[in-house]
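Here are a few notes to go with your first look at this one. Have the sequence and the 3D view open while you read.

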Amino acid sequence: MHTTKSDPVTMVVTAHPAPGNQKEWEETLTNTIQASLKFPGHLGTTVLKQESTRKPTYQIVLRFDQLENLERWKNSPEREHWISKLHALEHCPPAITHNTGLETWFELTHHDEQQPVEPPPKYKIAVIVWIAVYASVIPVINLIRPHMTELHFLLSSAITTSITVPLMTWVMIPFLSWMLKGWLYPENRKP
């Protein structure tokens with residue numbers, strides 16, 4: 001995947017704490033995330049936990065504003081310190097992937113053994129994003145337009161997008177990805 005230095009970038013780590021180490025691993029992960037928050041360009045970290053009868057699985061989604069800032073974190077002594085502590089508590093080495101652009105909305109799916117999954121084709125991403133935009137923007141505009149008649153067009157647009165973008169990112173896209181996962185990831189469907 002081609003990445004320019006100015007593209008936002010997401011690093012996804014899939015990790016499995018060793019049996020008996022889960023609580024200490026979670027505490028160490030919290031310290032690792034707190035250390036990463038101090039680095040320039042950090043846009044946030046999300047931790048998803050999936051319980052399993054065999055082993056717990058964690059997906060850590062780390063976002064930076066550009067590849068250069070992610071690399072600064074990855075090559076830092078602070079990260080090396082915390083990652084070495086995490087690795088000592090893990091069942092096996094973590095799987096790490098990097099993505100940029102809209103693909104990052106579609107990378108986390110429910111699949112066996114947490115093997116890496118290719119993002120859906122661009123046309124499928126475009127369809128899902130179009131549905132999410134349409135379903136988010138139209139209702140928001142109709143709900144808030146009557147209350148913004150006195151505001152300048154640029155200000156009312158800024159308010160509208162500040163509502164619709166988070167709605168798309170954290171509600172619509174995840175919901176549509178879950179609802180249409182069989183179409184987005186047909187190779188992962190069980191026979």
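Predicted model: local features only at pLDDT ≥ 70, side-chain atom pairs only at ≥ 80, totals over all residues.

1. Residues are numbered from 1 along each chain as its sequence is written, and side-chain values use heavy atoms, with hydrogens and water left out.

2. Start with strand β1 (residues 9-15): seven of its seven residues are buried, so the rest of the structure largely encloses it. Buried means under 20% relative accessible area, exposed over 50%, and partly exposed in between (1.4 Å probe, protein chains only). V9, M11, V13 and A15 cover one side of β1, with T10, V12 and T14 on the other. Helices (H or I, at least four residues) and strands (E, at least two) are DSSP runs, numbered from the N terminus.

3. Next comes the partner: β1 and strand β3 (residues 57-64) run antiparallel, joined by seven bridges. T14 has Q59 as its bridge partner in β3. V61, also found in β3, is buried at 2% relative accessible area. Its C-alpha is 5.0 Å from that of T46, although V61 and T46 are 15 residues apart in sequence.

4. Now helix α2 (residues 67-74), where N69, L70 and W73 are buried. Down the axis of α2, the buried residues fall within an arc of 100°, so they line one face of the helix. The arc is that of the directions from the helix axis to the C-beta atoms.

5. Finally, I159 sits in helix α5 (residues 153-179) and counts as partly exposed because its relative accessibility is 30%.

Note on methods. Pairing = 2+ DSSP bridges.
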